[in-house]
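My entries follow in the order in which I looked.

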Amino acid sequence: MAPSRSCYATLKTVMICFNTIIFVVGCTLVALGLWIKLGSTSFVRVLGSTSVNFVHIGYFCIVVGIVVAMLGFMGCWGAAKESRCLLLMYFLIMLVIFIAEITAAVVVFAFTQFARSIVLDKSLTALKKKYSGYKHDDIVSYGWNAFMLKLNCCGVHNYTDFSGSAFQIRTNLTYPKSCCKDPMSLACNGHNVSSVVINQEVAAQFGR
């Protein structure tokens with residue numbers, strides 16, 4: 001009997017500690033969500049109107065945090081009080097979450113390539129229609145310049161993505177300076193497509 005009681009006591013302690021951690025994580029998510037929500041005005045002022053998406057992230061953190069905190073509290077309290085009802089409810093909720101995660105994983109795996117092709121197509125469309133050039137501060141140009149400089153790439157596939165684009169029509173250049181390995185070099189003239197001058201990495205590969 002003694003070993004059985006010892007094992008039961010250990011399992012109970014593990015349950016309490018594990019669910020205490022879950023509860024703390026949930027509270028942290030709620031706090032993070034509230035911080036994002038209350039600071040959304042500052043985000044908009046600093047980052048522009050597109051940062052309104054931070055508010056949605058804040059709401060998501062709050063909702064998920066509340067659910068996680070309640071689940072942790074339920075498991076911790078149920079283990080401490082040895083309540084069969086609470087523990088049964090806890091394990092049923094965990095089972096539902098587990099099944100939901102498996103289902104979500106299967107769906108994501110099945111539609112990853114489809115979603116990736118859509119994202120790349122939309123990105124290429126934005127690049128061709130809305131990209132203005134190096135050091136332009138509009139949201140599309142700024143984002144693409146930062147992306148290409150950070151990942152050492154040129155467009156979605158290569159410099160030919162700029163062919164027929166609004167950028168090429170306006171400037172008569174084959175590619176912007178952000179495609180260059182050294183944007184300040186004299187060889188980076190918008191026409192020299194040598195691999196020594198411009199980046200040859202394919203941006204599309206980073207989504208794989």
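**Cysteines**

I began with one pair of cysteines and found that Cys154 is buried, and that Cys179 is buried too, where buried means under 20% relative accessible area, exposed means over 50%, and partly exposed lies in between (1.4 Å probe, protein chains only). I note at once that this is a predicted model, in which local features need pLDDT of at least 70 and side-chain atom pairs count only at pLDDT 80 or more, while totals for chains, interfaces and linings use all residues. Residues are numbered from 1 along each chain as its sequence is written, and side-chain values use heavy atoms, with hydrogens and water left out.

How many disulfides does a search of the whole structure find? I recorded 2, taking a disulfide as a pair of cysteine sulfur atoms within 2.5 Å.

I looked up the accessibility of both partners: Cys180 is buried at a relative accessible area of 2%, and Cys188 counts as buried at 3%. With the bonded cysteines of the protein chain numbered in sequence order, I wrote the pairing down as 1-2, 3-4.

Cys17 is in no disulfide, and the nearest cysteine sulfur, that of Cys76, is 8.3 Å away; Cys17 is partly exposed, with a relative accessible area of 44%. Cys153 is in no disulfide either, the nearest cysteine sulfur being that of Cys154 at 7.5 Å, and Cys153 counts as buried because its relative accessibility is 0%.

**Helix 5 and the cores**

Helix 5 has 13 residues and reaches 18 Å from its first C-alpha to its last, close to the 18 Å expected at 1.5 Å a residue, where the expected span is 1.5 Å times one less than the number of residues.

Which residues of helix 5 are buried? I listed Val140, Ser141, Trp144, Asn145 and Met148. Seen down the helix axis, the buried residues fall within an arc of 120 degrees, so they line one face of helix 5; the arc is that of the directions from the helix axis to the C-beta atoms. The face turned away from this buried side carries the exposed residues Ile139, Tyr142 and Lys150.

The largest nonpolar core has 17 residues, and those with the most contacts inside it are Tyr131, Trp144, Met148, Phe162 and Tyr175. I used the term for a set of buried Ala, Val, Leu, Ile, Met, Phe, Trp, Tyr and Cys residues joined through side-chain atoms within 4.5 Å. Helix 4 and helix 5 are the elements that give two or more residues to this core, and helix 5 supplies the largest share, 3 residues. Apart from it lies another core, of 6 residues, including Leu71, Met74, Ala79 and Tyr90.

**Tyr159**

Tyr159 lies in the loop between helix 5 (139-151) and helix 6, and counts as partly exposed at 25% relative accessibility. Leaving aside neighbours within four places in sequence, I found Tyr159 in contact (heavy atoms within 4.5 Å) with Cys154, Thr174, Tyr175, Val193 and Ile198. Tyr159 and Pro176 are 17 residues apart in sequence and 8.8 Å apart in space, C-alpha to C-alpha.

**Backbone angles**

Lys135, in the loop between helix 4 (84-130) and helix 5, has a positive phi near 70 degrees and is exposed, with a relative accessible area of 67%. Asn172, in the segment after helix 6, has a positive phi of about 65 degrees although it is not a glycine, and is exposed at 59%.

Key. Helix = DSSP H or I, 4+ residues; strand = E, 2+ residues; numbered from the N terminus.
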